[in-house]
2 protein chains.
Amino acid sequence: MSGAHMTPEEFRQQGHAVIDWIADYWDRLDDLPVRSQVAPGEIAALLPDRAPQDPEPFGALLADLDQVVLPGITHWQHPRFFAYFPANSSPAAVLGDLISSGLGAQGMLWATSPALTEVEQVVLDWLARALGLPEEFCSSGPGGGVIQDTASTATFTALICALHRATGGRVRAEGVTSDLRVYASSQAHSSLDKAVIMSGLGEQSLRFVPVDPRTQAMDVAALREAVESDVAAGLRPVLVQAAAGTTSTGAFDDVAAIGAVAREHGLWLHVDAAWAGVAAVCPEHRDATAGVPEHADSFVTNPHKWLLTTFDCSAFWVRDRTQLLGALSLLPEYLRNPATDSGAVVDLRDWHPQLGRRFRAVKLWAVLRTYGITGLQQHIRSGVELARRFADRVSADERFELVTEPVLGLVVFRLRAGDEATVAVMESLNQGGVAYLSHTRVEGLAAMRLAVGGWRTTQQDVDRTWAAIAALADEVTAGSPPPTP
Amino acid sequence: MSGAHMTPEEFRQQGHAVIDWIADYWDRLDDLPVRSQVAPGEIAALLPDRAPQDPEPFGALLADLDQVVLPGITHWQHPRFFAYFPANSSPAAVLGDLISSGLGAQGMLWATSPALTEVEQVVLDWLARALGLPEEFCSSGPGGGVIQDTASTATFTALICALHRATGGRVRAEGVTSDLRVYASSQAHSSLDKAVIMSGLGEQSLRFVPVDPRTQAMDVAALREAVESDVAAGLRPVLVQAAAGTTSTGAFDDVAAIGAVAREHGLWLHVDAAWAGVAAVCPEHRDATAGVPEHADSFVTNPHKWLLTTFDCSAFWVRDRTQLLGALSLLPEYLRNPATDSGAVVDLRDWHPQLGRRFRAVKLWAVLRTYGITGLQQHIRSGVELARRFADRVSADERFELVTEPVLGLVVFRLRAGDEATVAVMESLNQGGVAYLSHTRVEGLAAMRLAVGGWRTTQQDVDRTWAAIAALADEVTAGSPPPTP
C-alpha cells in the first residue's frame, strides 16, 4: 500500500465514529428544522476555494458535517418530511450499502463479480414475487429484473426497448424517425418528457392523453382515439406509459384497459409505479400492480422511495430481455470474456445506459431479509394508516377540503379559501421548519401534498403537523371572507 | 417509528461489526483469488427463491457474506487486480459514502438540500483547479461541474448538449434528423457507441476516424477530411470526442489539433479522460489535460477509477451550462419552488438524465481533504512508478514485448510467441487467482493489459505478478519454436 491511506486501525476508529455520528443524527432529527433554512451560496461561502495541499484528519470532516453541512440539509429522513415522495432509508439499508462500498466490486460483467449479478437477480426475483409480478419477469423466465439508479433511467430504458421492438431493431443502426409516437396521461411524470427528449424523438412525439377530472386517471377512450388517429395519419405508435400512482395525486391509470389498446396496436406498455408499486407487498394493496402481470412489457418501482432502501435503488423488470440486449448490448474486445462468450450468463451492463455498476443489491437484500415480508407490510400499513388519520382531520375541518381521495400514503388537500391561502399556509409551515410538504396543481387549483412513508414517522408527527397547519390556517384566513359552501 | 426497524443500539452494534468486517476483508484480500472462481448459477443456487416471511437478524446477512457472496466476488480492491482500469476505493471514501447514506438526502433540487448542491459545486471546483482545468469550468464561471454516475452517462449528456447547440435547440422539440454526425477515433470507448444509439442518431451517425498504428492516437488529418467530406455532402457534424487515455492502450489524442477542427466546423469537443484525467493532479502529468483548457466544451474524468473515490463518482464539466439547461431542464408544477424561481440557484437535476440524486460529493470531499493534493500525487506517482517497474521487466525478457509505450499506470504487452500464447498465459494467470489482468487487441494482435492503480498495490504485488507471468510463459512456450526476431 502506498503511504497516505488511513491505517486499518484508523479506519476502524473513524468508522465507528461515523456510525455513531449517524445514530446521533437520526436521534436529533426531531429537533432540526425539516427544510434547510439557508440562503443561496451560504454553504459554499463557508468552504475554501481550493483543496488542501496537505492531508487533514478525518475528524475535521466530521466536525464540518455539523458546522457546515447540516444547516444546509433538508432532512429527508426527518419524521415530518412529507414533501414529494419519501426517499426513505433504514438502518439495515445503510449498512447494506456500506458493505457494497467496502467490497468495492464493479459488476459491469458477470465475470467482474458473479455474486453482484446473481444476488441482484435473486433479490429482484424475491421482490417480483413479493409484489405479485409474473414469473415471466423473473430471471428464470424470458424477462428479468435489474436495479436502475432512478425511475427516470428505467423509463428511458423502457423507451429504448420499445423503439427497438417497434422498428425491428432498425433504430439502432439508422436512428429514430419523426413518425414514432409515445403516449401517456397529462399526469405522467416529467421523466417521460426527459426520455423522449434524450431518445431523439423530441417532445413532438409525446401525446398527452387527458385524464378524468375527478380521478386524475387516464381517459382510455381518448388514448384509443389518439392512437387510432395517429395510425390513420401514417404515424407509428411505439410506447404507452401507464401510471400506477401519479406524482401529483397518486392516481392509478387502468393498466388492463390501456393494455388492451397497447396489444391491439403493438405498443410497448411501460408501467410507472415508482412510488406506489411497493405497496403491493400487502395483499390488500395488491391492486397497486393490477393489470401488470397480464399486460405490462416493463415495470418500475422504487424501493428507495417507500421500501426502506437507501437511494439509489429503482427496481425495473422487463417481460422479454431480448429487446434490452438487442437495443443496448455492445461487446468491445476489451470486455470479451469466456463467460460472456458462453452465453450462460447475464451481463447487466446491457440492461441500462451505464457500463459500470456498483453492488446495489446488498442494500435491498439487507432490507428484504431483516424486515421480512411481514416487516415490510407493517411499514407500508403504517404509512397508509397515518395518511388516513391525517385525511380524516382534513375532512373534519370545514376550512379544508380533500382535492382527491387519499391514495395509500398520499393526501392531497387545500384550503377552501383558495390558492393563495393554500400556498401561504404551506410556505409558512415549511419556513417554520416543523414539517415539510410540497405542492401541486390539480385541475388548475393549488393543493398541498402530504406523503407519508418515512421510517421514523409516528402518529405524533402527523398530529403535530396537522396542528401546525390548522394553526397557520387560522392566521392566514383571519379576516378572510367565510368559505363558500 | 413503526415497529420493525433496528433500534439505535442495534444499529451501532451492527454498524461497528460491518466496519470491522470490511477492515478484516481488506486485510485478508491478499490471500483470496483475485478473480472469482465460481461457475454460472453457483451463487444463485445457494439462495432461497423467496424473501423470508419473517425478519432475520442482520448477523445472518454478515454470515452469508462470507459463505455465499465472497466466493462470487472478483476483488476489485485486491492488490493484484490489474484488469480493465482500477475502480479504486479508499477508507476515507467508504466512510464519506456512509455519511451520505446516513444523511439520506436527495438533491434533485437545490431546495431539497442546499448543501448537497453547494458542496458538490465546491468540490468539483477544487478538483478542476487541481487538474488544471480552466476557470470557465468552475461554478463561478459560465460552466460548471457535476458528479455523474459513470463516464458513459457523462458522454451521453455531452452528446445531448452538442445536439442542442448544433440545432439551435430544435432537437428538443422536433427530435434528431439523420444528417447529424459524430466523430471519434476507432479506439473510442464503447460508451460513445451506446450514446449514439440511445440519442436516436443510430450507429450510422458515428464516424470512426483511423488512428496512427504506432501511437493509437487519432489521425487528425483524417478527422478533418471526414468532417469536410460530410459537410460537402450536406451532413451536419455535431460532436467530436477526443480520448485522453484510451481504454485499450491509454493512447492520447491530440486535443489541441482536434480542437482546431472542431472550432472551424462548430463541433462540440468532448474529452473523455475517464481513466487518465486524474493524473493531472501531478504537475509532471499535466499533459493528461493538455488542450482541454483552450478547446474542450466538456470533459470527464472518473475519481472512481484512479482517484480513490468509491464507485460511483464521475466528474463532468461543461464550459457553458446554458446548453445543459436548454437541453434538459424541465419544471413540472410539483418541482416548482421559490429558490428555483428566483434563478439564484443551480438545480443539478438539469445536469444529467436522472432526476433524483444522492450526496455523492461527500466521498470525494473526504478523499480530497484527507489525502490533500500531496497525498493524491503520491498515489498517482506510485501507480506510474509500479507500471514502469513492470514494463522494465517485460522489456528485459526476450520472450515478451511491449505493444505500445507504457502510459501512466498502464502496460500493454504480449508474448512474442503469438496471440494464442498471450491469451493462454493470461487466462492461466487469471484462473490461478494470483493476479487478474484483462486483454485487448492492438492492430489485430492480442495483448495483455496491466493497469496499476489500486490503493493496496505494492512493489511486491507487481513483482509477484511478473514472476507468475514469466513462469506461465515458460510452461506455455515450452516446446514452441523460438521467437522470431
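## Close-up views of a two-chain predicted model

**View 1. An open sheet of four strands in chain B.** In chain B, 4 strands make an open sheet in the order E8-E9-E11-E10, with antiparallel pairing; two strands are said to pair if DSSP finds at least two bridges between them. Strands (E, at least two residues) and helices (H or I, at least four) are DSSP runs, numbered from the N terminus. The edge strands are E8 (400-402) and E10 (438-442) of chain B, each of which pairs on one side only. Direction ignored, neighbouring strands of this sheet are turned by 40° against each other on average. The model is predicted, so that local features need pLDDT of at least 70 and side-chain atom pairs count only at pLDDT 80 or more, while totals for chains, interfaces and linings use all residues. Residues are numbered from 1 along each chain as its sequence is written, and chains are lettered from A and ligands numbered from 1 in the order in which they are written.

**View 2. The pairing of E10 with E11 in chain B, and the helix across the sheet.** Strand E10(B) is joined by 5 bridges to strand E11 (residues 445-451) of chain B, and the two run antiparallel. Within this pairing, Thr440(B) stands opposite Ala447(B) of E11(B). Helix H15 (residues 419-432) of chain B lies across strand E9 (410-415), E10 and E11 of chain B, and runs at about 30° to E11(B). Axes are lines fitted to C-alpha atoms, for helices over the stretch in contact, and angles run from 0 to 180 degrees between N-to-C directions. Two residues are in contact if their C-beta atoms, placed from the backbone, lie within 7 Å.

**View 3. An open sheet of seven strands in chain A.** In chain A, 7 strands form an open sheet in the order E1-E7-E6-E5-E4-E2-E3, and the pairing is mixed. Strand E1 (144-148) and strand E3 (206-209) of chain A are at the edges with a single partner strand each, so one side of each has no neighbour in the sheet. From one strand to the next, the twist averages 20°. Strands E1(A) and E7 (residues 314-318) of chain A pair in the antiparallel sense over 5 bridges, and Gln148(A) stands opposite Ser314(A) in E7(A). Helix H4(A) lies across E1 and E7 of chain A and runs at about 105° to E1(A).

**View 4. The contact between the two domains of chain A.** The domain assignment of chain A gives domain 1 (105-358) and domain 2 (367-477), with bounds that come from an automatic or database domain assignment. In chain A, 20 residues of domain 1 are in contact with 21 residues of domain 2. On the side of domain 1 of chain A that touches domain 2, the elements that give two or more residues are helix H4 (114-130) and helix H11 (303-306) of chain A, and H4(A) gives the most, with 4 residues. This side of domain 1 of chain A has 13 nonpolar, 7 polar and no charged residues, where Ala, Val, Leu, Ile, Met, Phe, Trp, Tyr, Cys and Pro count as nonpolar, Asp, Glu, Lys and Arg as charged, and the others, Gly among them, as polar.

**View 5. The contact between chain A and chain B.** The contact takes 136 residues from chain A and 136 residues from chain B. Helix H1 (residues 8-28) of chain A gives the most to the side of chain A that touches chain B, with 14 residues.
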